[in-house]
Amino acid sequence: MKKILIIEDDISIAELQKDYLEINQFKVDIETTGDDGLRKALEDHYDLVILDLMLPGKDGFEICKQIRLKKDIPILMVSAKKEDIDKIRGLGLGADDYVTKPFSPSELVARVKAHISRFERLTSGDDSKKEQIVIGSLHIDKASRRVFIDQEEKLLTTKEFDLLCLLAQNPERVFSKDEIFEKIWGWDSTGDIATVVVHIRKIREKIERDPSNPRYIETLWGSGYRFKG
């Protein structure tokens with residue numbers, strides 16, 4: 001089931017859009033402020049964002065710009081403003097489409113389906129996409145072995161990078177320390193599983209805003225580690 005995020009401060013409009021999308025087998029979340037909408041768009045996985053232009057907090061232009069810096073997903077901008085300059089600005093910031101209110105919910109659903117279908121066609125079979133892991137503000141480029149947080153590069157050692165990729169490529173799966181050591185170092189290497197703890201700590205220091213309260217690598221006491229997707 002495809003996931004849609006609606007960022008719209010008029011709850012009656014948002015609920016109407018949600019109803020029509022859910023009838024068409026979409027899973028839908030709603031945020032009513034710009035700040036909450038941007039946070040949700042960056043932290044969670046969505047197949048498309050429906051973005052109102054006029055919002056409390058950050059406006060639609062700023063949200064579109066910030067999403068485009070970190071994610072490549074379709075953005076459908078909606079607004080009561082009919083001026084061409086707003087449409088040009090929205091599309092220039094990376095929006096895939098611009099719809100002027102009022103519009104029929106069935107038209108919105110048709111556009112959502114069309115943009116998701118087009119996006120899937122463009123990205124299917126693109127091997128370069130398979131070399132990219134993007135979760136929240138974390139961007140891992142497997143081909144060049146580079147890691148970025150909020151577009152700032154973080155330098156990881158070979159083992160740190162391999163360990164991070166192992167976890168990030170298997171979100172929500174729990175890996176024991178023994179399993180990690182076997183996969184990254186191999187049982188015939190020198191050292192012991194204590195090195196896993198050290199490497200996890202070093203990775204957190206580089207990619208987590210608050211290493212003591214990690215966003216990405218979660219410790220499950222007595223079980224091991226899990227990457228939160």
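Me: Which way do β6 and β7 run, and how many bridges join them?
Reply: In this predicted model, β6 and β7 run antiparallel and are joined by 4 bridges. Ile-133 of the pair has Ile-140 in β7 opposite.

Me: Which residues of β6 are on the covered face, and which on the uncovered one?
Reply: Strand β6 spans residues 132-135. Ile-133 and Ile-135 make up the covered face, while Gln-132 and Val-134 make up the uncovered one.

Me: How should I read the buried residues of a helix such as α9?
Reply: Start with the general idea: an α-helix has 3.6 residues a turn, so residues three or four places apart point the same way. In α9, the buried residues are Val-196, His-199, Ile-200, Ile-203, Arg-204 and Ile-207. They cover an arc of only 140 degrees around the axis, which puts them on the same side of α9.

Me: What covers the buried residues of α9?
Reply: The cover includes helices α7 (158-168) and α8 (177-184), along with strands β7 (138-141), β8 (146-149), β11 (217-220) and β12 (224-227).

Me: What span does α9 reach, and what is expected?
Reply: Its 14 residues, 194-207, reach 21 Å from the first C-alpha to the last, close to the 20 Å expected at 1.5 Å a residue.

Me: What does UniProt list for residues 3-116?
Reply: An unreviewed UniProt entry lists them as "domain: Response regulatory". In the model, residues 3-116 are 48% helix and 21% strand, with the end C-alpha atoms 10 Å apart.

Definitions and conventions: Residues numbered from 1 in each chain as written. Predicted model: local features only at pLDDT ≥ 70, side-chain atom pairs only at ≥ 80, totals over all residues. Heavy atoms only, no water. Helix = DSSP H or I, 4+ residues; strand = E, 2+ residues; numbered from the N terminus. Expected span 1.5 Å × (residues − 1). Buried < 20%, exposed > 50% of the residue type's maximum accessible area, 1.4 Å probe, protein only. Arc of directions from axis to C-beta. Contact = heavy atoms within 4.5 Å. Pairing = 2+ DSSP bridges. UniProt positions renumbered as here; feature names shortened; annotations may be inferred.
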